[in-house]
Amino acid sequence: MELHENTQRIQRALLVGIDTGEYDAEASMQELTELVKSAGAEPVACLMQKREKPDGATCVGSGRLEEITEICRQQEIDFLVFDTELTPTQIRNIEEASDVRTIDRTMLILDIFALRARSNEGKLQVELAQLKYLLPRLSGKGKEMSRLGGGVGTRGPGETKLETDKRHIRRRIETLKESLSELSQRRERHRRRRKKEGVITCAIVGYTNAGKSTLMNALTKAGVLSEDKLFATLDPTSRALKLPSGVSVMLIDTVGLIRRLPHHLVEAFKSTLEEAADADILLNVCDASSDEYRLHLEITNSLLRELGCVDRPIVSVFNKCDLIENPEDLPRESGSVKICAKQGRGLDELLQVIEDHLPVRLRRFRLMVPFDQAGLLSVLRQAGALQSEEYRAEGILAEAIVEEALWHKVEPFAVD
Ligand SMILES: Nc1nc2c(ncn2[C@@H]2O[C@H](COP(=O)(O)OP(=O)(O)OP(=O)(O)O)[C@@H](O)[C@H]2O)c(=O)[nH]1
Ligand SMILES: [Mg+2]
């Protein structure tokens with residue numbers, strides 16, 4: 001199996017969390033279980049400890065650490081995952097006590113990203129995030145790194161490079177930053193060109209596993225991988241989508257979000273996230289069958305705000321309505337849509353909502369323009385609206401996508 005190339009059997013994980021009351025620790029732990037599965041490992045058991053704050057030396061208390069050590073021995077645990085960020089000292093102490101490799105939530109997410117990255121840019125972004133996260137965690141002797149070899153939390157482009165020293169890593173970080181900045185400039189130029197050409201973009205954003213890629217596929221037959229896994233999509237994909245009026249927009253599928261998204265990842269993926277946030281219309285897709293769909297919508301909205309996306313329409317899309325008994329009970333926000341992407345239900349309404357939110361109202365016309373009115377065609381041509389023209393005996397048969405301001409001029413010549 002691809003996910004376990006380094007080991008013979010599926011790795012067994014013990015999950016550890018502390019509940020400080022700062023956030024919903026149970027829900028976060030549940031999600032950590034899904035993350036472990038998405039990384040290709042098996043969550044064997046979860047341990048939660050209520051504490052006011054993490055212990056500086058070992059995160060959990062010493063009694064709990066002994067218990068963990070015992071479970072590791074009895075249950076043949078391969079690695080520990082903590083649901084909080086661990087300091088280098090904590091990792092070292094926990095590993096020494098338990099004799100089991102220890103990672104935290106961020107390292108686990110980075111690991112999944114490393115597994116999923118396909119594009120050059122995606123790989124560079126993940127590598128940069130991994131190195132930035134690991135650099136302060138390297139002891140002078142590179143002790144933590146020497147144990148890297150196989151298994152969850154150790155994968156990705158970093159593996160071989162991490163054998164080397166800090167200086168090398170710093171240099172590598174600089175190189176990665178330069179390459180990424182070049183790629184991001186190219187992205188920016190591309191985006192500006194699209195804007196100039198009048199391409200309207202619509203981005204699908206939202207919490208991981210909400211069904212974004214499924215929706216993308218349902219609307220455009222894009223063939224994007226969709227899976228019941230967290231972070232199935234890493235690289236953005238875009239496809240043309242034709243709206244009922246005949247106008248096309250560019251639909252973009254994006255990486256999913258998660259609560260307490262590691263800061264390193266937001267930084268690393270900023271250029272791709274910004275591209276999504278810069279779209280003319282945003283579809284914030286959520287899994288309406290989840291108890292937490294409101295939180296999911298809000299996490300996405302607040303990241304969008306952080307990225308400066310405040311002046312554009314954001315449509316709440318309630319997906320997986322087939323899994324809930326009373327979709328009628330979902331909030332009736334204006335402009336929100338209920339769909340089932342998997343069965344393709346509610347998509348017509350969604351297309352209409354996208355259409356309603358177009359930055360300019362456009363309509364496709366088929367026109368028969370008499371020869372003595374041919375001036376109209378040059379007006380349309382100048383506005384970039386003319387799609388085709390064909391000379392017929394009775395006049396010019398034309399197709400045009402026309403802005404609202406010009407509708408009154410073309411309407412008298414519209415056919416069908
Ligand atoms: N029941 C049901 N399942 C759905 C629906 N839409 C998507 N799913 C399932 O939800 C899971 C996740 O779907 P994806 O499309 O991969 O979700 P995503 O939002 O792209 O996830 P990431 O790329 O990981 O952020 C898959 O197992 C889909 O089959 C739906 O309308 N109903
Ligand atoms: Mg996806």
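Guide: By class, the shell around ligand 1 has 7 nonpolar, 9 polar and 6 charged residues. The model is predicted.

Visitor: Which residues of the shell around ligand 1 are the closest?

Guide: Gly-211, Ser-213, Ser-226, Thr-233 and Gly-256 are the closest of the 22 residues that surround ligand 1. Helix H9, residues 212-220, gives the largest share of that shell, with 3 residues.

Visitor: What does the chain as a whole contain?

Guide: The chain has 15 helices and 14 strands. Its C-alpha trace spans about 90 × 50 × 40 Å along the principal axes. Of its 416 residues, 38% count as buried.

Visitor: Why is Lys-123 called partly exposed?

Guide: A residue is buried with 20 or more other C-beta atoms within 10 Å of its own, and exposed with 12 or fewer. Lys-123 has 19, so it is partly exposed. Lys-123 lies in helix H5, residues 120-134. Between Lys-123 and Asp-235 there are 9.4 Å in space, C-alpha to C-alpha, although they are 112 residues apart in sequence.

Visitor: Why is helix H8 said to lie largely in the open?

Guide: The number of buried residues in H8 is 2 out of 31, so H8 lies largely in the open.

Visitor: How do you know that the length of H8 is close to the expected one?

Guide: The expected span is 1.5 Å times one less than the number of residues. For H8, residues 166-196, that gives 45 Å, and the helix reaches 45 Å from its first C-alpha to its last. Just after H8, Gly-198 takes a positive phi of about 75 degrees.

Visitor: What describes the packing of H5 and H8?

Guide: Two packed helices are described by the angle between their axes and the distance between the axes. For H5 and H8 the angle is about 145 degrees and the axes are 10 Å apart. H5 passes H8 in a left-handed crossing.

Visitor: Which residues of H5 and H8 meet?

Guide: From H5 they include Leu-124, Leu-128 and Leu-131, and from H8 they include Ile-169, Ile-173 and Leu-176. By class, this contact of H5 with H8 has 8 nonpolar, 2 polar and 5 charged residues.

Visitor: What makes H4 a mostly covered helix?

Guide: In H4, 11 of the 12 residues are buried, and the helix is mostly covered. Among them are Arg-105, Met-107, Asp-111 and Phe-113. The buried residues of H4 pack against H1, strand E3, strand E4, H5 and helix H10.

Visitor: Why does the span of H4 agree with its number of residues?

Guide: At 1.5 Å a residue, the 12 residues of H4 should span 16 Å, and the end C-alpha atoms are 17 Å apart, which agrees.

Visitor: At what angle do H1 and H4 pack?

Guide: Helix H1, residues 25-38, and helix H4, residues 105-116, pack at about 35 degrees, with axes 9 Å apart. H1 passes H4 in a left-handed crossing. Leu-32, Leu-35, Val-36 and Ser-38 in H1 meet Arg-105, Leu-108, Ile-109 and Ile-112 in H4. These residues divide into 6 nonpolar, 1 polar and 1 charged.

Technical notes. Residues are numbered from 1 along each chain as its sequence is written. Chains are lettered from A and ligands numbered from 1 in the order in which they are written. This is a predicted model: local features need pLDDT of at least 70, side-chain atom pairs count only at pLDDT 80 or more; totals for chains, interfaces and linings use all residues. A residue is near a molecule or strand if its C-beta atom, placed from the backbone, lies within 6 Å of it. Helices (H or I, at least four residues) and strands (E, at least two) are DSSP runs, numbered from the N terminus. Ala, Val, Leu, Ile, Met, Phe, Trp, Tyr, Cys and Pro count as nonpolar, Asp, Glu, Lys and Arg as charged, and the others, Gly among them, as polar. Axes are lines fitted to C-alpha atoms, for helices over the stretch in contact, and angles run from 0 to 180 degrees between N-to-C directions. A crossing is left-handed if the near helix is turned anticlockwise from the far one by less than a right angle, and right-handed if clockwise. Two residues are in contact if their C-beta atoms, placed from the backbone, lie within 7 Å.
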